[in-house]
Amino acid sequence: MLKPLGDRIVVKVIEDTEQTQGGIFIPDSAKEKPQKGEVVAVGLGKMNDKGEREPLDVEVGQKVLYAKYAGTDVKMDGTEYKILSIKDALAIIE
C-alpha cells in the first residue's frame, strides 16, 4: 500500500457511473475527470516553524472533493489512486 509523506493524502478515485439515467452509455473520451475519492492513507502532517507536526483535516475513510487536475495518478492492482497535497482537497463529502 502507498504511505504518503508530509502533508499528502492518498485517495481512491470514485468513478461516476458510465450510464446516464436514460440508459445511454458514456464513452471514456467524453467523461470528465473524476473529482471525488475516498481517503485511504494520510501523511503525518506538515512541520511548522516550531518543528511540530500540524495534523491534517481529513481522516482515512472520509470522502473528499479535490481539484480537477490536482495530484499524481497511480494505478495499483487495477485500482486508480491519486496522491494529493492536502491543499488540493477542497471539501469533505458527508
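Here is a short exchange about how labels are assigned in this predicted model.

Reader: What secondary structure does the protein chain have?
Author: The protein chain has 0 helices and 8 strands. From the N terminus on, the order is β-β-β-β-β-β-β-β.

Reader: Why is lysine 82 called buried?
Author: Its relative accessible area is 4%. Buried means under 20%, so lysine 82 counts as buried. Lysine 82 sits in strand S7, residues 79-85.

Reader: What makes the link between lysine 82 and aspartate 73 a salt bridge?
Author: The closest N and O atoms are 2.5 Å apart. The cut-off is 4 Å between a side-chain nitrogen of Lys or Arg and a carboxyl oxygen of Asp or Glu. The pair therefore qualifies as a salt bridge. A search of the whole structure finds 1 salt bridge.

Reader: Is aspartate 73 buried, partly exposed or exposed?
Author: Aspartate 73 has a relative accessible area of 44%.

Reader: Which backbone atom does the side chain of lysine 82 reach?
Author: The side chain of lysine 82 reaches the backbone oxygen of alanine 70, at 3.1 Å. A polar contact needs N or O atoms within 3.5 Å, and 3.1 Å meets that distance limit.

Reader: What makes up the largest nonpolar core?
Author: The core has 12 residues in all. Among them are Ile9, Val11, Val13, Val39, Tyr66, Ala70 and Leu84. Strands S1 (8-13) and S5 are the elements that give two or more residues to this core. The largest share, 3 residues, comes from S1. In soluble globular proteins, nonpolar side chains tend to be buried together.

Reader: How do you know that S1 and S2 pair?
Author: 5 bridges join S1 to S2, residues 36-42. Pairing needs at least two bridges, so these strands pair. S1 and S2 run antiparallel.

Reader: What makes S2 and S5 a pair?
Author: S2 and S5 share 3 bridges in the antiparallel sense. The requirement is at least two, so the strands count as paired. Lysine 36 has leucine 65 in S5 as its bridge partner.

Reader: Which residues form the nonpolar patch on the surface?
Author: Leu65, Leu90 and Ile93 form the patch. Together they have about 250 Å² of accessible area.

Reader: Why is leucine 90 called exposed?
Author: Leucine 90 has 56% relative accessibility. Exposed means over 50%, so leucine 90 counts as exposed. Leucine 90 is placed in strand S8, residues 89-93.

Reader: Where is aspartate 77, and why is aspartate 77 called exposed?
Author: Aspartate 77 is in the loop between strand S6 (72-76) and S7. Its relative accessible area is 82%. The threshold is over 50%, so aspartate 77 is exposed. Aspartate 77 also has a positive phi of about 50 degrees, although it is not a glycine.

Reader: Why does proline 55 count as exposed?
Author: Proline 55 has 70% relative accessibility. That value is over the 50% limit, so proline 55 counts as exposed. Proline 55 lies in the loop between strand S4 (53-54) and strand S5 (63-66). The C-alpha atoms of proline 55 and leucine 44 are separated by 7.0 Å. These two residues are 11 residues apart along the chain.

Reader: How much of the protein chain counts as buried?
Author: Of its 94 residues, 23% count as buried.

Note on methods: Residues are numbered from 1 along each chain as its sequence is written. This is a predicted model: local features need pLDDT of at least 70, side-chain atom pairs count only at pLDDT 80 or more; totals for chains, interfaces and linings use all residues. Side-chain values use heavy atoms; hydrogens and water are left out. Helices (H or I, at least four residues) and strands (E, at least two) are DSSP runs, numbered from the N terminus. Buried means under 20% relative accessible area, exposed over 50%, partly exposed in between (1.4 Å probe, protein chains only). A polar contact is a pair of N or O atoms within 3.5 Å; within protein, one must be able to donate a hydrogen and the other to accept it, and residues adjacent in sequence count only if both atoms are side-chain atoms. A nonpolar core is a set of buried Ala, Val, Leu, Ile, Met, Phe, Trp, Tyr and Cys residues joined through side-chain atoms within 4.5 Å. Patches are made of residues with over 30% relative accessible area and no salt bridge: like charges are joined within 9 Å, nonpolar side chains (Val, Leu, Ile, Met, Phe, Trp, Tyr) within 5 Å. Accessible areas come from the Shrake-Rupley method with a 1.4 Å probe; for residues, only the protein chains shown count as cover.
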